[in-house]
Amino acid sequence: MKRNGFTLLETIFCFAISVLLLASFPLLLSVIETESSYDTFTQAEWDTFIAQTSIELREAEEVSIYKSLLQLSPSGQSIVVQYEKYGPLIRRRVNGLGHEIALRNIQSLSFSAHSPKTITIAVESLKGKVYEAVIPLYGEGL
């Protein structure tokens, strides 16, 4: 009598191969990925940067603006916070120390005051897209 079909050992072997192939599928997708998220500049990063900067500006007692440097002193504290361009980054420093990356993959940065109560921050990404935000000041101004 001749039987056609799979034995238990063959079934387990086929199942093991299938599991290995399915487990390696995400690894293959990560290799195929062409553009790394590290090399891009997104709207969400910009929104987060503006939100953080707005909070610090709102709490600032004194604000000074230079072309690509924003310097502020929070009220009641004896520290100076600086936002400046550093290569393709915007970094945040406290009292001239530290290197906290606030935004990355930028080509240019400029701060400007159009009135005593507003600051405009403009950033150009490495891909050439320009982002701009106007932030109101609630303290003594510039």
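A patch is made of residues with over 30% relative accessible area and no salt bridge, where like charges are joined within 9 Å and nonpolar side chains (Val, Leu, Ile, Met, Phe, Trp, Tyr) within 5 Å. In this structure Phe13, Ile17 and Leu21 make a nonpolar surface patch of about 320 Å². The model is predicted, with local features needing pLDDT of at least 70 and side-chain atom pairs counting only at pLDDT 80 or more, while totals for chains, interfaces and linings use all residues. Residues are numbered from 1 along each chain as its sequence is written, and side-chain values use heavy atoms, with hydrogens and water left out.

**Overall make-up**
- The protein chain has two helices and eight strands; helices (H or I, at least four residues) and strands (E, at least two) are DSSP runs, numbered from the N terminus.
- From the N terminus on, the order of elements is α-α-β-β-β-β-β-β-β-β.
- The protein chain holds 142 residues, and buried ones make up 30% of them; buried means under 20% relative accessible area, exposed over 50%, and partly exposed in between (1.4 Å probe, protein chains only).

**The surface patch**
- Ile17, a member of the patch, is found in helix H1 (residues 8-32).
- Isoleucine 17 is partly exposed, with a relative accessible area of 39%.
- Accessible areas come from the Shrake-Rupley method with a 1.4 Å probe, and for residues only the protein chains shown count as cover.

**Helix H2**
- Helix H2 covers residues 43-58, and its 16 residues should span 22 Å at 1.5 Å a residue, which agrees with the 22 Å between its end C-alpha atoms; the expected span is 1.5 Å times one less than the number of residues.
- Trp46, Phe49, Ile50, Thr53, Ser54, Glu56 and Leu57 are the buried residues of H2.
- These buried residues fall within an arc of 165 degrees seen down the axis of H2, so they line one face of the helix; the arc is that of the directions from the helix axis to the C-beta atoms.
- Ala44 and Thr48, on the other side of H2, are exposed.

**The nonpolar core**
- A nonpolar core is a set of buried Ala, Val, Leu, Ile, Met, Phe, Trp, Tyr and Cys residues joined through side-chain atoms within 4.5 Å.
- The largest nonpolar core has 24 residues, of which Trp46, Phe49, Ile90, Ile121 and Val123 touch the most other members.
- Elements giving two or more residues to this core include H2, strand E1 (60-66) and strand E7 (118-125).
- H2 gives the most to this core, with four residues.
- In soluble globular proteins, nonpolar side chains tend to be buried together.

**Salt bridges**
- The whole structure has five salt bridges; a salt bridge is a side-chain nitrogen of Lys or Arg within 4 Å of a carboxyl oxygen of Asp or Glu.
- Glutamate 45 and arginine 104 meet in one of them (3.3 Å, N to O).
- Glutamate 45 lies in helix H2 and arginine 104 in strand E5, so the pair ties together parts that are 59 residues apart in sequence.
- Arginine 104 is partly exposed, at 21% relative accessibility.
- Glutamate 84 forms a salt bridge with arginine 91, the closest N and O atoms being 2.8 Å apart, and another salt bridge with arginine 93, at 3.5 Å.
- Glutamate 84 counts as buried at 14% relative accessibility, as do arginine 91 at 11% and arginine 93 at 18%.
- A network of salt bridges links Glu56, Arg92 and Glu100.
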